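I am opening a notebook on a structure that is new to me. I want to look up its overall build before turning to a few details.

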Amino acid sequence: MFVDNKNYYDLSNPYSKLWLNLKKEELPTRINKIIKCEKKEFERKFYNNPQNCKELVESLLAGNVYVLKNCLIKEEVDKIIEDVSLKWKKGKFEFHKIFDGVPNFSRNVDETNNSKYACRFSRLSSYFFRFNESKEKLKVFNYITPVLRLIKYISGYDEKIWEKNIPSDGIVDRLQVSCYPETTGGMDLHQDPIAVQKFFISGYLSKKGVNFDEGGVYCLNKKNEKVDLEQNIDVGDFSLGLSTIMHGVNKIKIGQTNKSVSDYKGRWWMGIYTVQTDYIKKRATTSPVINENLKKINQ
């Protein structure tokens, strides 16, 4: 899971020197606390502001998870959900490995086929690749590129790195829009790969207590307790923490008074990734938690 990506760093970026030669044992596996911050304020403080770089890196290494408020506006969220819902209504669900020519596609993973994956989960998803943007009516990368560039910058990279890549280059940007359906929608405790992208990044397209009643994303603290992130989140917010922090998604329950954002009811979510493609042998993927005591949390 752990790779020190010396070849990717932009040495003119002040964050690169702070991440360079980071040791595996310095990375947190548990959440410390949740810090809420307006996206514009986060940018003002930590983007192109060298005196504050060390503060942010130390905070992330301490296990803090940031909730960036107001990254998307309601109209953008509504357009994303409408576009993806229309794709699913066509009933074309498939799977493609990330090779040159891979299309944007939709996938339905549930309890009948999730044994094919390292980590059990249940959700409907649509996958978007930046190199296919011209083929899509909805230019979804226009909405998330500012956040993704910010993430790349605080990772110590050039903020536009990999944007022109295709799969044969080995690394590409990918966006996932998902709905975790009622009763079955969830994901086991896991850690995300840190080989390329340092953070797990979630965009929130629905709100707990409004669109669903129970469940949602949580992180594990040092007492092995679940820390609910959803209570701090509004539609259009993003959250980020180091990928090594263990997290999962509790199963979704919908109450009678919950408002639906689509014909597909549940928890709507967006995942932003920069991933290794299938041209990379033993590409880094999500890692399930193998500790037997912690695995009980999934039950």
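**Ground rules.** I note that this is a predicted model, in which local features need pLDDT of at least 70 and side-chain atom pairs count only at pLDDT 80 or more, while totals for chains, interfaces and linings use all residues. Residues are numbered from 1 along each chain as its sequence is written, and side-chain values use heavy atoms, with hydrogens and water left out.

**Whole protein.** I looked up the secondary structure and found 6 helices and 13 strands; these are DSSP runs numbered from the N terminus, helices being H or I with at least four residues and strands E with at least two. The radius of gyration is 18 Å, close to the 19 Å that the globule rule gives for 299 residues, so the protein is as compact as a globular protein of that length. That radius is taken over C-alpha atoms, and the rule is 2.2 Å times the number of residues to the power 0.38. Along the principal axes, I read spans of about 50 × 45 × 35 Å for the C-alpha trace.

I then checked burial, and buried residues make up 54% of the 299, where buried means under 20% relative accessible area, exposed over 50% and partly exposed in between, with a 1.4 Å probe and protein chains only. Of the contacts (heavy atoms within 4.5 Å) with a separation of 6 or more, 80% are between residues 24 or more positions apart.

**Strand β7.** Which strands pair with β7 in the antiparallel sense? One is β10 (residues 238-242), joined to β7 by 5 bridges, and there phenylalanine 200 has glycine 241 as its bridge partner. Another is β12 (residues 266-276), which is antiparallel to β7 over 3 bridges, with methionine 270 standing opposite glycine 203. For pairing, DSSP must find at least two bridges between two strands.

**Arginine 123.** Is arginine 123 buried or exposed? I find that it counts as buried because its relative accessibility is 7%; it belongs to strand β4, residues 121-129. Leaving out residues up to four places away in sequence, I list among its contacts Arg107, Gln176, Tyr180, Met187 and Trp269. I also looked up isoleucine 245, which lies 122 residues from arginine 123 along the chain, and their C-alpha atoms are separated by 22 Å.
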